[in-house]
Amino acid sequence: MTLTRPRPDPVDIPESVWASNQLSSFIARIAEEHGPIFEFRPRGGPHAGQPVVYMVGPQANRFVLLSGREHFSHDQGWTPVIGETLGHGLLNMDPPQHTLHRALMNPAFTSVFMAGYLPLMQRVIAERTAEWVQHDTIDLMVEAREITFDVAAAALVGLRSGPEVDWLRERFYVLLRGGDPGTYDENWDELVRRQLHARDDLQVKLLELIAARRSTAAVAQDDVLGMLVRAHDEAGNRLSDEQLLAHVNILLVAGHETTTTLGAWVLYVLGEQPECAARIRAELTSVVGDGPLTSDSLHRLPFLSAVIRETGRLHSPVLLLPRGVLSDFEFAGRWVEVGTPVFLAIAAGHRMPSVWDDPERFDPERFLPPREEDRRTPYGLATFGGGPRICLGINFAQLEVMALVAHVQRHYTVRHVSKEPVREFGGLLPMLPDGMRVRVTGG
Ligand code: HEM
């Protein structure tokens, strides 16, 4: 007797939904009606037209990120998506190599270590926001990208804002997006060619920085690259130039694009939620007064923290987590075979009505007592992933977004001048081709 192993059912997503800001909500509805695992053929990207398994919701998050994680490969998932251009950094490594490298990098990303970067973050934020009021309108995505890249370049590789950092930012943007917003649908080969060019430029510059660090390795460097150059395992093994380069590439990309999206969305959302903005101001006045923001005071701002979590739920900077399948597995009664591409649809899981009350509504209170909806369903919120591979930069990102929003709310008022930006094109990251236009006034 041969036992049949049921496979995930195929589903279709209409063209009109694919390139719209309804995609995650649509996938959430399929998951509610159909179960948390199904097969779909994406309309774009490296898997265009091929069957891909989508997994959605808290149980799927827990299985992929924790209990069943040995079935999945980050290398086979991420490398085809980000291309070979970035090398193999932490994001697209598998164990046992990943376990060793993560242990080397963890100390540089603890919340205590990150708190040391707050003055640097505040300096960049104050400098970059100071001119906002002089413009009729600004694009929050462009502005947030400049802030987060300046902070990442200083904290990770020790470069001060200026033409050199601007040059790096432009090349990383090409590496990640191909250069222009909205180029997702264009020829994949042309995109890769442009990315390789940017990668070569960057490689030369970053190897110079690594060489400089090695020659001064005896002198303590308080940036992450300095720590990585000095890091070694128990046997005294150190990271090679190639490994350092791949880590720095991934850190600079992962460290600024996602933080850009989250920071810009929080400010944008507050532009249409004046009562939330007023409550954040009141919280800041009562906790910080007129004094400087400290990492201690940032930890005593529960409403601001809830607003950031709620924005990360509704507008996740990463929509899908890609995985390769290393060994056959069963999930929710369906079998998936080795070699199948899998997407864990974290942003869609954030919109499931069986998990969140009125999920389409912006409602930061859901994260505060007595509701605490995230505690009700562990692994429901996965903005930063979860399990042992949870985002390495979570403390860094949360500190930076809090510092940005706190600064802007203390000094400025933000108002919308554009409709809600389109945010999805079926890719892993949201696309905002029209940016986020706002008008900023003092006070
Ligand atoms: C709002 C900002 C951010 C968001 C939403 C975010 C989201 C994520 C997510 C969802 C993952 C899990 C990927 C997976 O499981 O496949 C991840 C991993 C990672 N993130 Fe972040 N991230 C952010 C900021 C940062 C920053 C600031 C850095 C570094 C400075 C960073 C570095 C990394 C690295 C290295 C990994 C791979 C970790 C591993 O696999 O061990 N991220 N991030």
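The model is predicted: local features need pLDDT of at least 70, side-chain atom pairs count only at pLDDT 80 or more, and totals for chains, interfaces and linings use all residues. Residues are numbered from 1 along each chain as its sequence is written.

Figure 1. Helices (H or I, at least four residues) and strands (E, at least two) are DSSP runs, numbered from the N terminus. Gly83 follows H4, with a positive phi near 80°.

**Figure 2. The largest nonpolar core.** This core has 81 residues. A nonpolar core joins buried Ala, Val, Leu, Ile, Met, Phe, Trp, Tyr and Cys residues through C-beta atoms within 7 Å. Helix H12 (residues 241-271) gives the largest share, 17 residues. Leu140, Leu156 and Val266 are among the residues with the most contacts inside the core. Val266 touches Val307, Ile308, Thr311, Val401 and Val405, not counting residues up to four places away in sequence (contact: C-beta atoms, placed from the backbone, within 7 Å).

**Figure 3. The shell around the ligand.** Of its 23 residues, Gly255, Thr258, Gly385, Cys391 and Gly393 come nearest (near: C-beta atom, placed from the backbone, within 6 Å of the molecule). H12 supplies the largest share, seven residues. Helix H18 (394-411) supplies at least two.

Terms used
A residue is buried if 20 or more other C-beta atoms lie within 10 Å of its own, exposed if 12 or fewer, and partly exposed in between; C-beta atoms are placed from the backbone. Two residues are in contact if their C-beta atoms, placed from the backbone, lie within 7 Å. Ala, Val, Leu, Ile, Met, Phe, Trp, Tyr, Cys and Pro count as nonpolar, Asp, Glu, Lys and Arg as charged, and the others, Gly among them, as polar.
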